[in-house]
Protein chains: 2
Amino acid sequence: MKPKTLEDLAALAGVSRATVSRVVNGGSVSERTRRRVQQVLDETGFRPNRAARTLVTGRSGVVGVVMHEEPTVLFKDAYFADLMHGISDGLAEQATGMMLWLGNRSKADTLEHIRSSGIADGIIVTAHFRDDPLVDGLRAAPIPTVLIGHRREDADASYVDIDNVEAARTVTRHLIESGRTRVGHITGRPGTVAADDRLEGYRLAMLDAGLDPDRYVAVGNYERHDGQRVAPELLERGVEAIFCVNDFVAHGAYLALQERGVDIPGDVAVAGFDDLEFAATLPPPLTTIRQDVRAVGMQAAASLLALLDDPDGAPQRVLLPTELIIRASTDGGAST
Amino acid sequence: MKPKTLEDLAALAGVSRATVSRVVNGGSVSERTRRRVQQVLDETGFRPNRAARTLVTGRSGVVGVVMHEEPTVLFKDAYFADLMHGISDGLAEQATGMMLWLGNRSKADTLEHIRSSGIADGIIVTAHFRDDPLVDGLRAAPIPTVLIGHRREDADASYVDIDNVEAARTVTRHLIESGRTRVGHITGRPGTVAADDRLEGYRLAMLDAGLDPDRYVAVGNYERHDGQRVAPELLERGVEAIFCVNDFVAHGAYLALQERGVDIPGDVAVAGFDDLEFAATLPPPLTTIRQDVRAVGMQAAASLLALLDDPDGAPQRVLLPTELIIRASTDGGAST
DNA sequence: TTGTATGCGTTATCAA
DNA sequence: TTGATAACGCATACAA
């Protein structure tokens, strides 16, 4: 009563196993036999053996997701969670599922592990660091790979990213257009792509306006206390506005500035990046860049599936747009 | 130069494919041939085909992890992230990897999907709701399953959980022993196991002390604003202490009480559950229960691996201990 | 449209 | 210790 193989089921339905296979996979079968076989299929709840299918087709339907990040950073904010949700949603329709590899081995081991497992048809990997042997190794491996984020040297790879340069340029331009010229920037962790790109966007906007692109730059590390630590330095250099690499840092800057009696935005305007939940409720509400992380995840899934469908096609390269959210922290600035 | 199969490699090494297989899997081979074959193995970087191996052995080395929770709750605090890290660590040694299924389908679809994929040797599933068809379906399926959390009806299943009853009993007893008799409890979301069990532990401690176990109970839903909303009600009933189902709720209770000029712990002692990061830094620092979520994840992995090694063995049932962390919110209470 | 036969790359059984 | 050889369950080219 419980058919384990196509052969078993074929016997029950009075056909050959090839016919059953055709019914299961949508081959050409007469309507009559299709119905008969389908009925037996439904009655018995037969499930074809995945491993056998993979062996003969060479595809498992499994997508690998690699997030080799430090545990402390991996789910610190909702970033990676949103990413996973997006990927999961984007995969749900087409793929069997996703294998997840986190950072509990060395990168070399993880790479070797993924390669030798051979279980995934393709890989999605987060590429947030400028120098990442794991990303390099994956790219060198003969397995379709989509990066989330990208470095300069990934120009010919398949990737999904937000346009960090353009976003940073936009927010910086916004600060300049509010009438301020001494616009500062607190960077992210050096060596990360987002930090580099946002700095570049900042510099471009400053150069566009004929302003010194280096004078008001201070190095941070994405954390709240970086903003607290570094904002006073910029204050001493006389900044009228600060573009912070993310909302945490902006919050830190708030604390440092307000502790010193500096009015935001009256004395110094502040902008962040990410539009985290608290950004809208800070006093004053924070001007920031909104990025749709979930959409990034979904796009990564879509790109990988496209890549799997056409392995020899052009690389999938997608830069998703962001949105400048203007709030009180940059409003009614120096001009009022 | 690139052997794709055992046969290829066997030819290169001048042996039969059976011998190569024995070298790869640690069968009995003479030291001389083993060395020769191993050398070719290393030189060529040969990787045996996983699907073929799975087909014949019936085991894939893949473990499925099912976290079918609402996106809003899934990574709200670090709970699920810690869980994943624990599982991932616990699996790293032995398993090829973990497949992750989130809640982007209906539970029925997810169940069907997992069953038909047949790709996982075993499943780890979070069981936080009293009524969960997905958990029931998995338990009914012929695949080894370990629950994280458990319901009454899971008494004969394999599960890993913290001892919620005992923990709640301990913290409630602590409040009583501090000299207070009108001890209240704000519950978690009705229908969740943790809420039920913590309420039960609270009631046991009250009954032990000869106190009314129902009078000071108010229903909450795990969220901060539940504490804010419900604490005033308990205050009107004259409570001297409140055991909150988690730290968020406790924080909410803080806000409501302090807004009304109620001193903590002078007028009302407050205790939480989870020992989240902020618990130690609240004014006053919060007495709470510390649970090692990561250890839960690791244990779930270990239990599942044990189950896979001995499918007919006894169910794996583990209750991990928790720790009462006493801080100022319950110190120097009514007796001073 | 349907059935037969072959091969996918392993592991496992059985002789040698 | 080693080598043939038979499964494992499926898809598919080829024949009918």
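This note covers the sheet, the helix packing, the DNA surfaces and the chain pairing in turn.

1. Basis. The model is predicted: local features need pLDDT of at least 70, side-chain atom pairs count only at pLDDT 80 or more, and totals for chains, interfaces and linings use all residues. Residues are numbered from 1 along each chain as its sequence is written, while chains are lettered from A and ligands numbered from 1 in the order in which they are written.

2. The sheet in chain A. Four strands form an open sheet in the order E7-E6-E8-E9 (chain A), with parallel pairing. E7 (217–218) and E9 (269–271) of chain A are the edge strands; each has a single partner strand, so one side of each lacks a neighbour in the sheet. E6 (residues 183–186) and E8 (residues 241–244) of chain A pair in the parallel sense over four bridges. Within that pairing, A:Gly184 stands opposite A:Ile242 in E8(A). Strands here are DSSP runs of E, at least two residues, and helices are runs of H or I, at least four, numbered from the N terminus. Pairing requires at least two DSSP bridges between two strands.

3. Helices on the sheet. Helix H9 (residues 164–177) of chain A packs on the sheet and touches E6, E8 and E9 of chain A. Its direction makes about 170° with that of E8(A). Helix H11 (residues 224–236) of chain A lies across E6, E7 and E8 of chain A, at about 150° to E6(A). Axes are lines fitted to C-alpha atoms, for helices over the stretch in contact, and angles run from 0 to 180 degrees between N-to-C directions. Contact means C-beta atoms, placed from the backbone, within 7 Å.

4. H2 against H3. In chain A, the axes of H2 (residues 17–25) and H3 (residues 31–44) come within 10 Å and cross at roughly 85°. H2(A) and H3(A) are therefore roughly perpendicular (65 to 115 degrees). H2(A) contributes A:Thr19, A:Val20 and A:Val23 to the contact; H3(A) contributes A:Thr33, A:Arg34, A:Val37, A:Gln38 and A:Leu41. By class, these residues are four nonpolar, three polar and one charged. Ala, Val, Leu, Ile, Met, Phe, Trp, Tyr, Cys and Pro count as nonpolar, Asp, Glu, Lys and Arg as charged, and the others, Gly among them, as polar.

5. DNA strand C. The surface near DNA strand C has 12 nonpolar, 10 polar and four charged residues.

6. DNA strand D. H4(A) gives the most, five residues.

7. The A–B interface. Here 32 residues of chain B are in contact with 32 residues of chain A. E2(B) supplies the largest share of the chain B side, six residues. That side has 16 nonpolar, 11 polar and five charged residues. E2 (residues 97–102) of chain A and E2(B) pair in the antiparallel sense over three bridges, with A:Met99 and B:Met99 as bridge partners.

8. Symmetry. A rotation of 180° with 0.0 Å of shift along its axis superposes chain B on chain A (RMSD 0.1 Å). That is the relation of a two-fold axis. Superposition is by least squares on C-alpha atoms of residues with pLDDT of at least 70 in both copies. Of the residues of chain B, B:Met99 comes closest to the rotation axis, at 2.1 Å (C-alpha). The copies meet through the same surface, because 100% of the interface residues of chain B are also interface residues in chain A.

Definitions and conventions: Contact = placed C-beta atoms within 7 Å. Parallel < 35°, antiparallel > 145°, perpendicular 65-115°, else oblique.
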